[in-house]
Amino acid sequence: TTSVERLTGAAERVTTTTVQTATSIFQSFAPTVTVANVADTIPARLSPTEAASVVDGRAMEVLITEVEKQQVLATFGESSMKLASIGESGAMEPLLANGSVAFTRGSTIRVDGSGMLAGSQVAVWMYSTPMQLGTVDVKADGSFAEVLSIPSNVELGGHKIQFVGSKADGKEFHFAVGVTVVDETALIMNRAGAMTVAQASSLADANVVTV
């Protein structure tokens, strides 16, 4: 504040006031958060008409088709997998009316694959309770074919068959498809073509024993 006094016939005081303001600037910084690269996984449960594949930690689209109403063919990228239920006579069982594979306790499963890493092995598991059915050897041309046993103590109902191995380019893959374990009565009914889609799907429900 500056005061100036001057005489203009009478004393006059003129006061000039200077105000200084201070400006504060605040800059907002968003914290940097590292996003975790969480790998995709196969779902814990799959219905008998569902399949899933994870390659190199990322989900991959799966195309499902039927082969002569006896095998389920799954294609993911350049690789493929076929599953079939083998009856006591050694012939393939027909697929259920909903297009899924059905097994009885203690029966066998045929698995075929292509587009795998030559010389590697593919592990075959059955869930919900993890049970390793075995491992299959991949040939020089990237294919495999094997028959494995379904445990005799497995529960009736919906399950999934899961494969773990390496594709031709060396990337790890996990592939799974839903299946159903049924009693002999259901298989006989299915062979006769007397099962509806609704009945076939109900066999995968909890606490369902037979049709």
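1. **Ground rules.** This is a predicted model, in which local features need pLDDT of at least 70, side-chain atom pairs count only at pLDDT 80 or more, and totals for chains, interfaces and linings use all residues. Residues are numbered from 1 along each chain as its sequence is written, and side-chain values use heavy atoms, with hydrogens and water left out.

2. **Overall make-up.** The protein has two helices and 14 strands. Both kinds of element are DSSP runs, numbered from the N terminus: helices are H or I with at least four residues, strands are E with at least two. Of the 211 residues, 37% are buried. Buried means under 20% relative accessible area, exposed means over 50%, and partly exposed lies in between (1.4 Å probe, protein chains only).

3. **Contacts along the chain.** Take the contacts in the protein with a separation of 6 or more: residues 24 or more positions apart account for 55% of them. Contact here means heavy atoms within 4.5 Å.

4. Trace the order 5-6-7-9-12 in the structure. These five strands form an open sheet with antiparallel pairing. Two strands pair if DSSP finds at least two bridges between them. Strand 5 (63–67) and strand 12 (144–149) are the edge strands, each pairing on one side only. From one strand to the next, the twist averages 20°. The angles are taken between N-to-C directions and run from 0 to 180 degrees; the axes are lines fitted to C-alpha atoms, for helices over the stretch in contact.

5. **Strand 7 and its neighbours.** Strand 7 covers residues 79–86, and seven of its eight residues are buried. Strand 6 (residues 71–76) pairs with strand 7 in the antiparallel sense over five bridges. Find Val72 and you will see Leu83 of strand 7 opposite. Strand 9 (residues 108–114) also runs antiparallel to strand 7, and seven bridges join the two. Here Ser85 has Ile109 as its bridge partner in strand 9.

6. **The hairpin turn.** Two residues sit between strand 6 and strand 7 in their hairpin. In this hairpin, Gly77 takes a positive phi near 65°.

7. Asp112 has its bridge partner, Ala145, in strand 12.

8. **Gln71.** This residue lies in strand 6. Gln71 counts as buried because its relative accessibility is 7%. Leaving out residues up to four places away in sequence, Gln71 touches Thr65, Glu66, Lys82, Leu83, Ala84, Met92, Leu95 and Asp112.

9. **Arg58.** Compare another residue, Arg58, in strand 4 (residues 58–60). Its relative accessibility is 35%, so Arg58 counts as partly exposed. Arg58 and Val38 are 20 residues apart along the chain, with their C-alpha atoms separated by 9.3 Å. Beyond residues up to four places away in sequence, Arg58 touches Asn37, Val38, Ala39, Asp40 and Ser53.

10. **Helix 1.** Which residues of helix 1 (residues 184–191) are buried? They are Ala186, Leu187 and Asn190. Seen down the helix axis, these buried residues fall within an arc of 100°, so they line one face of helix 1. The arc is that of the directions from the helix axis to the C-beta atoms. The buried residues of helix 1 pack against strand 8 (102–103). After the helix comes Gly193, with a positive phi near 70°.

11. **The cavity.** Rolling a probe the size of a water molecule over the atoms shows where empty space is left. On a 1 Å grid over the protein atoms alone, a cavity is a set of points where a 1.4 Å probe fits but cannot get out; a pocket is an open set with protein on both sides within 12 Å along at least five of seven lines; lining residues have an atom within 4 Å of a point. Grid points are joined across faces, edges and corners, and a volume is the space filled by probe spheres set on the points. The structure holds one cavity of 30 Å³ or more. The largest cavity has about 40 Å³ of space. Its lining residues are Ala44, Arg45, Leu46, Tyr127, Ser128, Gly158, His159 and Lys160.

12. **The pocket.** The largest pocket holds about 260 Å³ of space. It is lined by 15 residues, of which Ser128, Glu155, Leu156, Gly158 and His159 lie nearest its centre. Strand 13 gives the largest share of this lining, three residues. Strand 13 (residues 157–166) also gives the largest share of the lining of the largest cavity, three residues.
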